[in-house]
Amino acid sequence: MGRIYRGRGRRLAALAVVVLATAVLAAPAFGWYSYFVQNAVWNAGNNKRSAFNSNLKGVAVSFQNLYGGLPQMGSRYIDSSGNGLDSWKWSNTGNLIDDRNVAYGAAQCMANSGNNYSVYVQWCYTGNQ
Amino acid sequence: MRSRGRKRLVLAVVAALAVVAAVAGGVALAGGGDKPPPGVSAGVSALTRLPPQAHVPDNVAWFVTFESKATGTDPAKALKGVRLLRQNLGVAHADVYAFKNAAGSPCFLLTGDSGTCARSPSAGTSGLHWTIGGGDAQRPSSLVGIASDDVSQVQLTVDGAQVPISLENNVAFGEFPQGHQHATIVVVHRDGTQSTADVNLQG
């Protein structure tokens, strides 16, 4: 009997460790933010995404037309397959603020493929704060 | 005979000078008089005419603080200057809040959607600081922007179809279904001049 209880106790302890570790690793990171692009010069079509996270509460894109024209920048959220969770939001005046939320995904910012001039991207930001 | 020739020569020179002067004057008029002011530098009177908001929603306060810091503006001062320019817009019944940053540029937010906060009022399309596109399962795509006082009308064409755009309190707004390819924004100024922006909506 004692050996059975000892064996069951070890299994329960191991299970508890696994459950705890899973909970810690899978927990969404709240209070997280990321400037996932900084000080870049982008040509038409250039883009980048942030890391994936939960409860993303907005995207901001700071950019300037240092190389002329009125280049446009856009933002959206994507899923883990890279598909858009919403449609691109565009502007030709930085900073662009995207106030949309997503339960889980990554933010993506992009220089519009129709741009005739390079654009200076000071930063692209997202977070769940 | 020689005297008549001289007179003809003088007349020809005078006529040529008159033509040059007229052409130069025309060019000067077209270059200076026909060009609308850059960005929204003609002024956004709703930001002073309407009363500041005593309380703003949390996401608007976050936007004001974030954009104030990003544009070298005192966040506390910016929060005191927030105006509610339009309410209950579109499918999502969204509102447009705005404030002026340290550079004098209007920073606006269509709640739950988008906005801009330019470094200078002279930035962007003449007469309109805009965002376009977006949309998800809950709401269609939209055009929203802050128009300067010298703008009489904002027009939007999406894949060749006209989209109605309302213009009140310096805010232009209209919605259209998602999935379109191309948009053309036309800003009509009170002096009859127009500014346009073409956007590839799919990037």
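1. Chain A reads α-β-β-β-β-β-β-β-β-β along its sequence. That is one helix and nine strands. Elements are DSSP runs, numbered from the N terminus: helices are H or I with at least four residues, strands are E with at least two. This is a predicted model; local features need pLDDT of at least 70, side-chain atom pairs count only at pLDDT 80 or more, and totals for chains, interfaces and linings use all residues. Residues are numbered from 1 along each chain as its sequence is written, while chains are lettered from A and ligands numbered from 1 in the order in which they are written.

2. Burial and contacts in chain A. Of its 129 residues, 38% count as buried. Buried means 20 or more other C-beta atoms within 10 Å of the residue's own; exposed means 12 or fewer, and partly exposed lies in between, with C-beta atoms placed from the backbone. Among chain A contacts between residues at least 6 apart in sequence, 76% join residues at least 24 apart. A contact here is a pair of C-beta atoms, placed from the backbone, within 7 Å.

3. Eight strands form an open antiparallel sheet, in the order E1(A)-E9(A)-E4(A)-E7(A)-E4(B)-E3(B)-E2(B)-E1(B). Pairing requires at least two DSSP bridges between two strands. Neighbouring strands are turned by 15° against each other on average, direction ignored. The axes are lines fitted to C-alpha atoms, for helices over the stretch in contact; angles run from 0 to 180 degrees between N-to-C directions.

4. Strand E4 of chain B (residues 114-117) deserves a look. Which of its residues are buried on each side? B:Ser114 and B:Thr116 are buried on one side, B:Gly115 and B:Cys117 on the other. Across the chain boundary, E4(B) runs antiparallel to E7 of chain A (residues 96-98), with three bridges. There, A:Ile97 stands opposite B:Gly115.

5. Within chain B, E4(B) pairs with E3(B) (residues 106-110), antiparallel, over four bridges. B:Cys107 faces B:Cys117 across this pair, and B:Leu110 has B:Ser114 as its bridge partner. Three residues separate the two strands in the hairpin, where B:Gly112 takes a positive phi near 75°.

6. The chain contact takes 23 residues from chain A and 34 residues from chain B. On the chain A side, the elements giving two or more residues are E4 (59-64), E6 (89-91) and E7. By class, that side has seven nonpolar, 11 polar and five charged residues. Nonpolar covers Ala, Val, Leu, Ile, Met, Phe, Trp, Tyr, Cys and Pro; charged covers Asp, Glu, Lys and Arg; the others, Gly among them, are polar. E6(A) also meets E5 of chain B (residues 128-133), antiparallel, through two bridges. A:Trp90 has B:Ile132 as its bridge partner there.

7. The largest nonpolar core has 71 residues. Such a core is a set of buried Ala, Val, Leu, Ile, Met, Phe, Trp, Tyr and Cys residues joined through C-beta atoms within 7 Å. Residues with the most contacts inside it include A:Met73, B:Val96 and B:Ala172. E8 of chain A (residues 102-111) gives the most to this core, with six residues.

8. A:Gly82 sits in the loop between E5 (73-78) and E6 of chain A. Why does A:Gly82 count as exposed? Because A:Gly82 has 9 other C-beta atoms within 10 Å. The C-alpha atoms of A:Gly82 and A:Asn95 are separated by 24 Å, at 13 residues apart along the chain.

How values were computed:
Contact = placed C-beta atoms within 7 Å.
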